Amino acid sequence: QVQLVESGGGLVQTGGSLKLSCAASGSIDSFDVMGWYRQAPGKERELVAASRSWGSRYYTDSVKGRFLISRDNAKNTLYLQMNSLKLEDTAMYYCAAGPGPIQTPSPQVWGQGTQVTVSS
């Protein structure tokens with residue numbers, strides 16, 4: 001089974017940027033939807049952004065215009081460029097892959113997560 005490994009998290013000040021990467025151990029061509037989820041302490045895990053294999057993308061309202069998801073099938077890697085970070089973006093971010101639909105995918109594979117902490 002393909003494994004997913006996230007990287008790129010860290011501590012950043014409000015207004016700053018981070019780029020998360022999700023490297024797959026095998027081909028991601030077969031995954032209809034790949035996405036980024038996040039979970040903050042005491043909150044439910046939420047879908048932040050998702051990318052469909054043929055290019056369509058989804059963003060939750062709170063990150064529209066600030067985050068950009070991209071997918072490089074040749075490198076078997078998913079990215080999340082996060083700009084204008086806010087305190088409320090602080091969370092553990094997870095990469096996941098599986099079938100769609102894009103707004104409510106059903107992940108079959110999860111990464112271990114990477115922590116993003118935004119400070120004032």
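**Figure 1. D89 and R66, both buried, in the predicted model.** In this predicted model, D89 and R66 are both buried residues. Their side chains form a salt bridge with an N to O distance of 2.7 Å. D89 is located in the loop between β8 and β9, and R66 in the loop between β6 (57-59) and β7, so this pair ties together parts 23 residues apart in sequence. Salt bridges with shared partners connect R38, E46, R66 and D89 into one network.

**Figure 2. The salt bridge between D89 and R38.** The closest N and O atoms of D89 and R38 are 2.9 Å apart, and the two residues form a salt bridge. Because D89 belongs to the loop between β8 and β9 while R38 belongs to strand β4, the pair ties together parts that are 51 residues apart in sequence. The relative accessibility of D89 is 0%, so D89 counts as buried. R38 is likewise buried, its relative accessible area being 6%. Within the strands, R38 stands opposite E46 of β5.

**Figure 3. The salt bridge between D32 and R52.** By the rule applied here, the count of salt bridges comes to five. One of them joins the side chains of D32 and R52, at 2.8 Å from N to O. D32 is found in the loop between β3 and β4 and R52 in strand β5, so the pair ties together parts that are 20 residues apart in sequence. D32 has a relative accessibility of 18% and therefore counts as buried, the limit being under 20%. R52 is buried as well, with a relative accessible area of 18%.

Figure 4. On one hand, β4 and β5 run antiparallel and are joined by six bridges. These two strands form a hairpin with six residues between them, and G42 in the turn has a positive phi of about 80 degrees. On the other hand, β5 and β6 pair in the antiparallel sense through three bridges, with S51 opposite R57 in β6. Four residues lie between β5 and β6 in their hairpin, where G55 in the turn has a positive phi of about 115 degrees.

**Figure 5. The open sheet β1-β3-β8-β7.** Four strands, in the order β1-β3-β8-β7, form an open sheet with antiparallel pairing. The edge positions are taken by β1 (4-7) and β7 (67-72), each of which has a single partner strand, so one side of each is left without a neighbour in the sheet. On average, neighbouring strands of this sheet are turned by 15 degrees against each other, direction ignored. Four bridges pair β1 with strand β3 (residues 18-24) in the antiparallel sense. Between these strands, E6 stands opposite C22 in β3.

**Figure 6. The nonpolar cores and the surroundings of F67.** The largest nonpolar core comprises 29 residues, and those with the most contacts inside it are L4, M34, W36, F67, L80, M82 and Y93. At least two residues of this core come from each of β3, β4 (33-39), β5 (46-52), β7, β8 (77-82), β9 (91-98) and β11. A second, separate core has eight residues, including Y37, Y58, A96 and I102. In soluble globular proteins, nonpolar side chains tend to be buried together. With neighbours within four places in sequence left aside, F67 is in contact with R38, V48, Y59, L80, Q81, M82, N83, L85, D89 and Y93.

**Figure 7. T114 and its contacts.** T114 is part of strand β11 (residues 114-119). With a relative accessibility of 10%, T114 counts as buried. The side chain of T114 reaches the backbone nitrogen of G9 at 3.1 Å. When residues up to four places away in sequence are not counted, T114 touches E6, S7, G8, G9, L20, A91, M92 and Y93.

Technical notes: Residues numbered from 1 in each chain as written. Predicted model: local features only at pLDDT ≥ 70, side-chain atom pairs only at ≥ 80, totals over all residues. Heavy atoms only, no water. Buried < 20%, exposed > 50% of the residue type's maximum accessible area, 1.4 Å probe, protein only. Polar contact = N/O pair within 3.5 Å; in protein donor to acceptor, adjacent residues only side chain to side chain. Contact = heavy atoms within 4.5 Å. Pairing = 2+ DSSP bridges. Axes fitted to C-alpha atoms, helices over the stretch in contact; angles between N-to-C directions. Core = buried A, V, L, I, M, F, W, Y, C linked by side-chain atoms within 4.5 Å. Salt bridge = Lys/Arg side-chain N within 4 Å of Asp/Glu carboxyl O.
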